[in-house]
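Visitor: I would like a short tour of this protein. Please keep the steps simple.

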Amino acid sequence: RAAWKGARLAQQLLAFARQQDLRPEVVHLGHAMGEYESLLRRALGEAIEVTIGCDPDLWLCRIDPAQFENSILNLAFNARDAMPAGGALTISLRNIELDGSNGPSNAPPGQYVLVVVADTGEGIAPDRIDRVFEPFYTTKELGRGTGLGLSQVYGFVEQSGGYVNIESTVGAGTTVMVYLPKTAGAAAGRERRSSLAEAPAQGSETILLVEDDQDVLEVVTAMMEGWGYRILTARNGVEALSILEGREPIELLFTDVVMPN
């Protein structure tokens, strides 16, 4: 898993530097969203109301569909983290024609597909908003993110010939606007299993974790708490038995196999 995370880190840095290996296809972004909408809703949990809207005559874009999915995931999970008590996430896709008076200041006039991801979360302070696309910069507390999610979105969009903009109000939420250039041609037919199918489901049960290695204990605890579970920990069998004999209801025992007495 450490090797996988290292590879993921390298990929995200390449994305920010606009040097990743893209596999662009002509894609209808509305259809792409439809492939993993239900999975996205499950991954975000019931506390977040998800609304997805798409123009019926949405233009086509030439982008890497896997990287588009990763970008939507990053934006959606950032929104989830900004709404710990629940809230609303709105994703809309529509056509827009820029003429120099609308859209990002650095975007040339032309026809684009606009993807808007808006949440009702905590928002980002004005003195931080200009840095959110920087690698390793995060507004979250220590241990809750690498600071590479938005930089990956930025790199993918820029490498695809598009533009990204962000607006936020503290206490009122954040809106990310992605402009991807319109393209001609027919959408490619493809069958692909969404990576969201591999995303862990959100849980709320209590798990007893028994592990004598402190590093492993901390990593596994952090990961499972990140999935919503309540974790009780024990460093050996004696401690575990003491907890099991208590009144605390425990749904699952997750234990190391070989431990000292």
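Visitor: In which sense do strands E6 and E7 pair?

Guide: A word first: this is a predicted model. Strand E6 covers residues 163-169, and seven bridges link E6 with E7. One of the facing pairs is Ser-168 opposite Thr-174 in E7. The sense of the E6 and E7 pairing is antiparallel.

Visitor: Which residue in the turn of the E6 and E7 hairpin has a positive phi?

Guide: E6 and E7 form a hairpin, with three residues between the two strands.

Visitor: Which residue in E7 is the bridge partner of Leu-114?

Guide: Strand E5, residues 110-119, pairs with E7 in the antiparallel sense over seven bridges. Leu-114 has its bridge partner in E7. The partner is Tyr-179.

Visitor: How many bridges join strand E3 to strand E7?

Guide: E3 spans residues 60-63 and E7 spans residues 173-183. The two run antiparallel. Leu-60 has Thr-183 in E7 as its bridge partner. The number of bridges joining E3 to E7 is two.

Visitor: E5 also pairs with E4; over how many bridges?

Guide: E4 and E5 pair in the antiparallel sense. Leu-93 has Val-115 in E5 as its bridge partner. The bridge count for E4 and E5 is ten.

Visitor: Do strands E2 and E4 pair in the parallel or the antiparallel sense?

Guide: E2 is residues 48-54 and E4 is residues 87-98. Seven bridges connect E2 and E4. Thr-51 stands opposite Thr-90 in E4. The sense of the E2 and E4 pairing is parallel.

Visitor: At roughly what angle do the axes of helices H2 and H3 cross?

Guide: Two packed helices are described by the angle and the distance between their axes. H2 is residues 29-44 and H3 is residues 65-81, and their axes come within 11 Å. H2 passes H3 in a right-handed crossing. The crossing angle is roughly 35°.

Visitor: How many charged residues does the contact of H2 with H3 have?

Guide: The contact includes Leu-29, Met-33 and Tyr-36 of H2, and Phe-68, Glu-69 and Arg-80 of H3. By class, eleven of the contact residues are nonpolar and none is polar. The number of charged residues is two.

Visitor: Which helix gives the most to the lining of the largest cavity?

Guide: The count comes to one cavity of 30 Å³ or more, and the largest cavity has a volume of about 40 Å³. Its lining includes Phe-68, Ser-71, Val-115 and Val-178. By class, the lining has six nonpolar residues, one polar and no charged. The largest share, four residues, comes from H3.

Methods. Residues numbered from 1 in each chain as written. Predicted model: local features only at pLDDT ≥ 70, side-chain atom pairs only at ≥ 80, totals over all residues. Heavy atoms only, no water. Axes fitted to C-alpha atoms, helices over the stretch in contact; angles between N-to-C directions. Left-handed = near helix turned anticlockwise from the far one by under 90°. Contact = heavy atoms within 4.5 Å. Nonpolar A, V, L, I, M, F, W, Y, C, P; charged D, E, K, R; others polar. Pairing = 2+ DSSP bridges. 1 Å grid on protein atoms, 1.4 Å probe; cavity = no way out; pocket = protein on both sides within 12 Å on 5 of 7 lines; lining within 4 Å. Points joined across faces, edges and corners; volume = space filled by probe spheres on them.
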